[in-house]
Amino acid sequence: LTVVSGAVHQITFSTVSSLPFAVGQVQDAGLIFLSAMARDLVSQLRDMGVDDASILATVTIGLSIYTAVLGCALIVVGRFKLASYCQLLPSSVVGGYLAYIGFFCGQAGLALMAAVNVTGLAEWYKFLNVDALVLLAPGVIGGCTIYFSVRTVRHMAVLPACIVMIMVAFYAILWATGTSVTQATEDGWINKAAKSPPW
């Protein structure tokens, strides 16, 4: 979905934009709100006793409609040149919003690495057990390494090179320790493949 959506974004930007150098890709910031809406929809539908197949359909179609409405709103903002009014927002509002996005993405990354479900600060205690800390350590070290590498060496190849090196190092360690991919998956180092729905 991300690749297809990215392709649609770029084709649209390339053909419609008045700027010859325009680049458009999927943005992650909106996922915070889509995630919250999906969670609320699932919760409300479960309380109403709706079956899982209907919940999936409702949430999928609902999020598509919400995204389309947002796209229309952005077109209206662009057509009527209303974007300049965003400059009237206080810096503290913009800074707070960006800080929340960073916090949310960081928390989600930690939860993904530790294989726990964390939705707020009150649940951070889940990171403090031995299994979670073992799973977190390589990711946090890798993240810090990427951050300092990108800040120190100013070159466009640094980020992709770091990502590739971390992946190669991971599988080299698996090979050196004689750990199979299946065992690594069972131990929580690799996400288990979910069965795709029939559609």
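I began with helix α3, residues 52–79. At 1.5 Å a residue, its 28 residues should span 40 Å, and its end C-alpha atoms are 40 Å apart, so the two agree. The expected span is 1.5 Å times one less than the number of residues. A helix here is a DSSP run of H or I with at least four residues, a strand is a run of E with at least two, and both are numbered from the N terminus.

I noted the ground rules next. The model is predicted, so local features need pLDDT of at least 70 and side-chain atom pairs count only at pLDDT 80 or more, while totals for chains, interfaces and linings use all residues. Residues are numbered from 1 along each chain as its sequence is written, and side-chain values use heavy atoms, with hydrogens and water left out.

**Still on α3.** Which residues of α3 are buried? I found Ile55, Val59, Gly62 and Leu63. Buried means under 20% relative accessible area, exposed means over 50%, and partly exposed lies in between (1.4 Å probe, protein chains only). After α3 comes Lys81, with a positive phi near 50°.

**The whole chain.** I counted seven helices and zero strands. The pattern along the sequence is α-α-α-α-α-α-α. The C-alpha trace spans about 60 × 55 × 35 Å along its principal axes. The radius of gyration is 21 Å, but a compact globule of 199 residues would have one near 16 Å. That radius is taken over C-alpha atoms, and the globule rule is 2.2 Å times the number of residues to the power 0.38. Buried residues make up 15% of the 199.

**Helix α5.** I looked up Gly143, which sits in α5, residues 130–152. Its relative accessible area is 37%, so Gly143 is partly exposed. Ile166 is 23 residues away from Gly143 in sequence, and their C-alpha atoms are 9.7 Å apart in space.

**Helix α7.** My last stop was Thr185, in α7, residues 181–186. Is Thr185 buried or exposed? Thr185 counts as buried because its relative accessibility is 16%. A polar atom of the Thr185 side chain lies 2.8 Å from the backbone oxygen of Val181. What does Thr185 touch, leaving aside neighbours within four places in sequence? Thr185 is in contact (heavy atoms within 4.5 Å) with Ile190, Asn191 and Lys192.

Note on methods: A polar contact is a pair of N or O atoms within 3.5 Å; within protein, one must be able to donate a hydrogen and the other to accept it, and residues adjacent in sequence count only if both atoms are side-chain atoms.
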